[in-house]
Amino acid sequence: MTSEHSQPTPSMPFSEQDEYWMAKALRLAEQGLTTTSPNPRVGCIIVKDGIEVGRGWHQQAGQPHAEVHALRAAGDQAQGATAYVTLEPCSHFGRTPPCAQALIAAGVSRVVGATGDANPDVSGRGFQQLRAAGISVTEGCLETQARALNTGFFKRMTHGLPWVRVKLAHSLDGRTAMASGESQWITGPAARQDVQRLRARSCAVITGADSVLHDNPSMNVRFHELTPSVPEALQRQPLRVVIDGQQRVPHDARLLSLPGDLWFAGHQDQYALPERDTSLGDTRYWHAAATPQGRTDLLALLQALGEQGCNEVLVETGANLAGAFISAGLVDELVLYCAPTLLGDRARPLLSLPLDTMAQQQRWHWQDVRMVGNDLRLTLTPAPQPESTQRPQQ
């Protein structure tokens, strides 16, 4: 299976041993889950005579790529070895030299790649350079797993948009808060810790003014709660985006006192940014023309985040804004934390969706269901829907 956001890789033969080593390279790549943005997560293992002689993973943008780390570890043993790489080696000079040339210079005899690179600066050229140098290249080994690891990167490279993940916590009867707005806490500590992992892997976290007014959230990553821990040098806070079309966010909101860059997004021509210590991070107002309904254009916002290099975006908000993202067809993944509790029919609903008939229902596909502490985490992706020209609303 190949991603809908990229072209299929040519079918090439690979063995069980190839799959074994590629699986190990993918586990290496996962170590960059929270640190590599805007770059993809990549792992590399060098194998000679059936023995691993070098390994590496891309840790952070601007630092050496996975192949460079692995080749340094292998040294002279890279000569005549096989390199297992989870993404096509880069072929161009960016912040670092091209990895395809590094593999050629090291004298590897074979490269096994999981998937091609959707970056138009690479996109097949890396494998072409290797073949032109006489290196045997095998593509498509554990391709589905490799694309899933970098689904946001592939989407941004091909569509200019980040992967949008909406997270919601709800009761057994589908409620997210009491009628008063009280919502802390529906889920248990394990589920809340799991949300920290979602934030940490995201390039941006989006919420709405209503959520800031009701919950006064931090929207940051509490790295001390993450397991495994992230080294301090690699810790990064996601960009926090507050959609505030009517300038309602109070200037004493908690998120203003925490480190990390902030965007306030809206459709008003003027927006008075709150005073904030510049040492905490950049604060700016993102503006786009209003939709015909007088709302903030969510698609335009996502396009702007894609231009900023955001691969994955986490939407943590209430029923109205979450429903707007879904109604506009902008959600790639829905993560629901279901707590074993009942809040009653006067409590607030999970989503605000303008649906009146069964013909309007929206179907979703199950991707994963698992226990997180005493709560249930449900992960879903949209089932194919008829194409719609409806513009995003908030």
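**Figure 1. Strand β1 is mostly covered.** Five of the six residues of β1 are buried. The model shown here and in the views below is predicted. β1 has β2 (51–57) as an antiparallel partner, and six bridges join the two strands. Within this pairing, Val-47 faces Glu-52 of β2. β1 also pairs with β3, which covers residues 82–85. That pairing is antiparallel too and runs over four bridges. Here Cys-44 has Val-85 of β3 as its bridge partner. In a regular strand, side chains alternate between the two faces of the sheet.

**Figure 2. The turn between β1 and β2 holds Asp-49.** The two strands make a hairpin, with two residues between them. Asp-49 sits in this loop. Asp-49 is not a glycine, yet its phi is positive, at about 55°. Is Asp-49 buried or exposed? Asp-49 has a relative accessible area of 75%, and so counts as exposed, for which the cut-off is over 50%.

**Figure 3. Two prolines follow cis peptide bonds.** Pro-38 belongs to the loop that links α1 (16–29) and β1 (43–48). The other view shows Thr-227 and Pro-228, whose peptide bond is cis with omega near 0°. Pro-228 lies in the loop between α8 and β9 (239–243).

**Figure 4. Asn-216 has a positive phi in the loop between α8 and β9.** The loop from α8 to β9 contains Asn-216. Phi of this residue, which is not glycine, is near 50°. Asn-216 has a relative accessible area of 26% and is therefore partly exposed.

**Figure 5. Helix α6 contains a run of buried residues.** The helix spans residues 151–159. Thr-151, Gly-152, Phe-153, Phe-154, Lys-155 and Arg-156 are buried in it. Just after α6 comes Gly-160, with a positive phi of about 75°.

**Figure 6. Helix α9 is mostly covered.** Eight of its ten residues, 298–307, are buried. Among them are Leu-298, Leu-299, Leu-301, Leu-302 and Leu-305. Ala-300, Ala-304 and Gly-306 are buried as well. An α-helix has 3.6 residues a turn, so residues three or four places apart point the same way. Just after α9, Gly-309 takes a positive phi of about 90°.

Figure 7. Helices that give two or more residues to the lining are α7 (189–201), α8 (209–215) and α10 (319–327). Strands that do so are β6 (163–170), β7 (175–177), β8 (204–208) and β14 (348–349). By residue type, the lining has 15 nonpolar, 20 polar and twelve charged residues.

Key: Residues are numbered from 1 along each chain as its sequence is written. This is a predicted model: local features need pLDDT of at least 70, side-chain atom pairs count only at pLDDT 80 or more; totals for chains, interfaces and linings use all residues. Side-chain values use heavy atoms; hydrogens and water are left out. Ala, Val, Leu, Ile, Met, Phe, Trp, Tyr, Cys and Pro count as nonpolar, Asp, Glu, Lys and Arg as charged, and the others, Gly among them, as polar. Buried means under 20% relative accessible area, exposed over 50%, partly exposed in between (1.4 Å probe, protein chains only). Two strands pair if DSSP finds at least two bridges between them.
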